[in-house]
Amino acid sequence: MSLNSSFDESKLLLELSQGSELAFTNLYNRYKNLVYSTALKITKSKVLSEEVVQDVFLKIWQNHKNLENISNLENYLFIISRNHIFDMIKKIARETTLATNIDYKNISSEDTDTAIKDDQYNIILSKIIEQLPPQQQKIYKMAKMGGLSHQKIGEDLGISTETVKKHMAQALKFVRLKISPYMNLFMTLLLFFQI
């Protein structure tokens with residue numbers, strides 16, 4: 001839809017090219033909705049469309065000395081609006097990609113840190129398990145590493161389930177006692193890597 005029915009576009013552009021703020025205000029009031037609707041069709045965002053209107057008219061004011069020779073103002077506004085919108089979308093896409101890459105790197109770094117801490121924890125735990133009496137060590141490994149029930153361990157070793165539970169309770173008490181000094185170290189490392 002044309003907005004130029006009884007409007008002297010050439011006079012407005014001439015006054016604008018000479019720095020007339022009144023001409024700029026008239027231009028803004030006449031075309032702001034056209035720029036906004038063009039932006040809204042492309043971006044589907046009212047907020048982005050309002051930004052486009054501000055940015056496009058700011059560009060027009062910054063380049064007002066070069067506007068005298070424009071032959072079709074509506075086409076000119078449509079083209080600079082469209083180009084600005086595409087530039088804005090490209091910028092948003094770049095920022096989104098960058099943010100995604102940063103998140104991915106942070107996740108990878110956290111995974112590496114967690115793996116290191118898990119390895120350290122497993123080394124210490126293995127050394128503590130080696131200090132258990134042989135029967136407790138065997139029962140502990142069958143339960144924790146083999147995933148066997150107390151009943152199955154009892155059947156495999158030819159001992160009662162109650163005996164297995166007793167050995168397991170003693171083994172867990174020993175492991176907790178021996179690993180507790182290291183827990184402060186793990187908590188310190190955890191806090192250090194989260195900063």
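## Burial of F24

F24 is buried in this predicted model, with a relative accessible area of 18%. That value falls under the 20% cut-off, and therefore the residue is classed as buried.

## Edge-to-face contacts of F24

The structure contains three aromatic pairs. One of them joins F24 and F57 in an edge-to-face arrangement, at 6.3 Å centre to centre and with 80° between the planes. Because F24 belongs to helix α2 (residues 21–43) and F57 to helix α3 (residues 46–62), this pair ties together parts that are 33 residues apart in sequence. F57 also counts as buried, at 2% relative accessibility.

F24 is paired with W61 as well: the ring centres are 5.3 Å apart and the planes meet at 65°, so this pair is edge-to-face. F24 lies in helix α2 and W61 in helix α3, so the contact ties together parts that are 37 residues apart in sequence. The angle exceeds the threshold, because planes over 60 degrees apart count as edge-to-face. W61 is partly exposed, its relative accessible area being 28%.

Note on methods: Residues are numbered from 1 along each chain as its sequence is written. This is a predicted model: local features need pLDDT of at least 70, side-chain atom pairs count only at pLDDT 80 or more; totals for chains, interfaces and linings use all residues. Side-chain values use heavy atoms; hydrogens and water are left out. Rings of Phe, Tyr and Trp (its six-membered ring) pair if their centres lie within 6.5 Å; planes under 30 degrees apart count as stacked, over 60 as edge-to-face and the rest as tilted. Helices (H or I, at least four residues) and strands (E, at least two) are DSSP runs, numbered from the N terminus. Buried means under 20% relative accessible area, exposed over 50%, partly exposed in between (1.4 Å probe, protein chains only).
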